[in-house]
Amino acid sequence: MLVVHRSNQVERLAEDLAAVTAGGPADPLEAEQIVVQGRGMERWLAMELARHHGVWAGSGFWFPRDFLRERVYAPLLGVESRSVDPWERDVLVWSIVDALPGQLDSAAFAPVARYLVGDPDGRRRVQLARRIADVFDDYATYRPGMVDDWERGEGEGDWQPALWRALVARIGHEHPARLSAGAIAALRDGAVPTEPLPRRVSLFGLTALPPRFLEVFCALATRIDVHVFVPAPTPHPWGHVVDRREAARVAAATDVDASWLHLDAGHPLLASLGRASRHLNEALLEADPELRDRFAGPVDPSGSVLCRVQSGIADLDDPTVDGPREPAAADASISVHACHGPLREVEVLRDRILACLDEIPDLRPDQIAILTPDVETYAPLVEAVFAQGRPRLPVGIADRDPRQASPLAEAFGALLDVARGRLGAADVMDLLAREPVRRRFRIDASDLVELRRWVGRSGIRWAADAADRAAQGQPALVQNTWRWGLDRLLLGYALPPGDERPFGGVVAESGVDGPAADLLGRLIDFCEALFELHARLARPASVRGWIEQLGADLSRFIDPADAGDELGALRDGLERVARSAAVAGCDEPLAFEALSPELERAVSRRERASTRALLSAGITFCELLPMRSIPFRVVALLGLGDEAFPRREIRPDFDRIAASPRRGDRVRRDEDRQLFLDALLSARERLIVTYPGISPSDGQERPASVVVEELLDLLERGHGIARGEVEFRHPLHVFSPAAFEPAAVSQLRGFD
């Protein structure tokens, strides 16, 4: 049976899930199967279930694709359970890398062959393979019928169908399109017993799902219980709701007056921002499920501006049709702040949060969330600003790139950047100054000043030696190279002080004597290791060979002391690349420059980041990701400038999904608009939005994101709240006298 639970409050959906799971599975050793789309939702949901049941353990949380492969396709179709799926994107990249050279002689591959001309190190081939792998994975998920036609021989003379058929012959037919079709047929025919399937599965908090995945779950519901807990902003049918721009496009396409089409705009924010969840809700209703609705009104009964907006969305009431019916007075429930850059945004946000803690009774830091589309820019600023002054605001930062959050990973990345560069004196010394590298070679922080002085006085500028200069297109001169400068320092230690006679064509550099010789020896050990790595990076090797060499270099250059799980996570990232290439059977030599982007991708995978910072005892700071529609009393959105949000996605020219979109396709801009709507609906008492709205260099105004503009337009045209009553311009500096002028103080009423 397919049961769809709908509510405009995620808390109520969690209560319904707790009721569904109260009985537990018949087998005490069987885990409850729950499908989510993000680790943040998994953590919040586990905490909610533990609160309802007293304890929650032994459950299986899955992502949709993983659940279907391991718990549906494997038992129904006998698919081998593998630690690495050969059709996974990261593996598919290396299959394409290995398959492309054998296809380029075909006339169908002429465009690809032209692109790969002049690519001796394979860099373009790996980059193109990554784009093709991403597109092919989308084809198998969103266009299964198209790839089935390709396998039957359609698309002759076209390189994409030809490459797909070559990959199927190489990897096998167990790709998502074929598996999903086989599972649907097996479930609907009833030819397979239900024993290997779980007793029930619950999909929680999804706002988007590929149509083929939904079709599989609907077929699965004919054999087991499938509960779908879906956030819905309104209890009313809203599949017909379109925004004004979409209505204008329909009218233009049909050459009909828009008023004759009777298109319903509903609530303007829901029409404009809710397109992604609207598609899922429509598809679920078309499956004719059992509906269990638990909709509620706004949490805050005081009638704040935020509550009025949320109520209008729930009632599908467009307040802009006849103008403001009951003009509302602006309050602090919604505020937008234009600032001079990211630092001022964080400073202003800290003041606003302190005001919320002062004004809202019993508000705790763990009931506050800060979301941003750009964690890497704002995370260090939040760390610095929220830790200064009194009181110190506790904050847990999640979703950071592991390379930025881990000093060890950052040091290893810097090592590879320096080793494949010109070995400039400043770059090498900056690398040596990093703590994991410095400790590995037993160099104290106090020694760095002396080492920099030696390098400067010896005349070292760049390049390992004369041969290295020649390899980089410069005259093969030894002067000012590292070996030349180190020879001068060694000769200065060996000869008597003040002896400036040339020895072997080298003039000694005095200043190294006594105990300093040991420090010079450690510097030379570091340089020799760096020179070996520099030379090795210039020679091609297989992917497995590269990973083994880099693993050895990691031990040679990085001190693992106090690294915790960082060293293991870094090695796992490297090993993931080698394992993917091995599964794909790709063992040809490649230049390091070709492999480097895939290494960076593997090391920086966001799902490796710890979720412990989410929903901790402090303020939650994380990326504005799907399924972060977790309710908080205060929700702050950082960095919603016009250029940053909604984020722009550049699709390849050969992407056929982008060329012919359909309902249910994944569109990045629609996803981001949905994220803003989710944040608006998940805020219970305050919504704070900041954006870099003023240039710090010349004071020129910069626009806010279009979604912020739409919210301000709704407040003005629908609720009678002037833009200046909810949007505030802040001075350049926190200590600026303008912040204390009477006009500014009166404008910021209710905030300070």
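Student: Which residue stands opposite Glu727 in S13?

Tutor: Val336 does. Bear in mind that this is a predicted model.

Student: Noted. How many bridges join S7 to S13?

Tutor: Three. Strand S7 covers residues 334-338, and the two strands run parallel.

Student: What's the order of the strands in the open sheet?

Tutor: S9-S10-S8-S11-S12-S7-S13. That is seven strands, with parallel pairing.

Student: Which strands stand at the edges?

Tutor: S9 (395-397) and S13 (727-729). Each has a single partner strand, so one side of each has no neighbour in the sheet.

Student: And the twist from one strand to the next?

Tutor: On average 20°.

Student: Let's go to S8. Where does S10 come in, and how many bridges does it share with S8?

Tutor: S10 (residues 619-623) pairs with S8 in the parallel sense, over four bridges. In that pairing, Ile370 is opposite Phe621.

Student: How many bridges join S8 to S11?

Tutor: Four, and those strands run parallel too. There, Ala369 sits opposite Val635 of S11.

Student: Is S8 mostly covered or uncovered?

Tutor: Mostly covered. Five of its five residues are buried. Ile368, Ile370 and Thr372 point one way, while Ala369 and Leu371 point the other way. Residues on both sides are buried.

Student: Which helix lies across S8?

Tutor: Helix H30, residues 668-682. H30 also lies across S11 (632-637) and S12 (683-691), and runs at about 135° to S12.

Student: What does H31 lie across?

Tutor: S7, S12 and S13. H31 spans residues 706-719 and runs at about 130° to S7.

Student: Helix on helix now. At what angle do H26 and H28 pack?

Tutor: About 70°, with the axes 11 Å apart. That makes H26 roughly perpendicular to H28. H26 is residues 543-557 and H28 is residues 592-603.

Student: Which residues in H26 and H28 meet?

Tutor: From H26, Val543, Trp546, Ile547 and Leu550. From H28, Phe592, Leu595 and Leu599.

Student: On to cores. How many residues are in the largest nonpolar core?

Tutor: 96. The residues with the most contacts inside that core are Trp94, Phe136, Trp482, Phe526 and Leu530.

Student: What is Trp482 in contact with, leaving aside its neighbours within four places in sequence?

Tutor: Among its partners are Leu423, Val428, Met429, Val455, Ile460, Trp462, Cys527 and Phe531. Gly424 is on the list as well.

Student: What does the second core include?

Tutor: Trp238, Leu306, Phe632 and Val707 are included. That core is separate and has 63 residues.

Student: Where is Leu490?

Tutor: In helix H24, residues 482-494. Its relative accessible area is 39%, so Leu490 counts as partly exposed. The cut-offs behind that are under 20% for buried and over 50% for exposed.

Student: What's Leu490 in contact with, leaving aside its neighbours within four places in sequence?

Tutor: Leu520 and Ile524. Leu490 and Ile524 are 34 residues apart along the chain, and their C-alpha atoms are separated by 9.7 Å.

Student: Loops next. Where's the place of Pro86?

Tutor: In the loop between H3 (64-77) and H4 (89-99).

Student: Why does Pro86 count as buried?

Tutor: Because its relative accessibility is 8%, and the cut-off for buried is under 20%.

Student: What does Pro86 touch, not counting residues up to four places away in sequence?

Tutor: Val91, Leu92, Ile171 and Val583. Pro86 and Ile171 are 85 residues apart in sequence but 6.8 Å apart in space, C-alpha to C-alpha.

Student: And His175, buried or exposed?

Tutor: Buried, at a relative accessible area of 0%. His175 sits in the loop between H8 (159-171) and H9 (176-189). Not counting residues up to four places away in sequence, His175 touches Trp87, Glu151, Trp164 and Val168.

Student: Last one, the whole chain. How many helices and strands?

Tutor: 33 helices and 13 strands. The chain has 752 residues, and 53% of them count as buried.

Student: Which share of contacts between residues at least 6 apart in sequence join residues at least 24 apart?

Tutor: 79%.

Key: Residues are numbered from 1 along each chain as its sequence is written. This is a predicted model: local features need pLDDT of at least 70, side-chain atom pairs count only at pLDDT 80 or more; totals for chains, interfaces and linings use all residues. Side-chain values use heavy atoms; hydrogens and water are left out. Axes are lines fitted to C-alpha atoms, for helices over the stretch in contact, and angles run from 0 to 180 degrees between N-to-C directions. Angles under 35 degrees count as roughly parallel, over 145 as roughly antiparallel, 65 to 115 as roughly perpendicular and the rest as oblique. Contact means heavy atoms within 4.5 Å. Two strands pair if DSSP finds at least two bridges between them. Buried means under 20% relative accessible area, exposed over 50%, partly exposed in between (1.4 Å probe, protein chains only). A nonpolar core is a set of buried Ala, Val, Leu, Ile, Met, Phe, Trp, Tyr and Cys residues joined through side-chain atoms within 4.5 Å.
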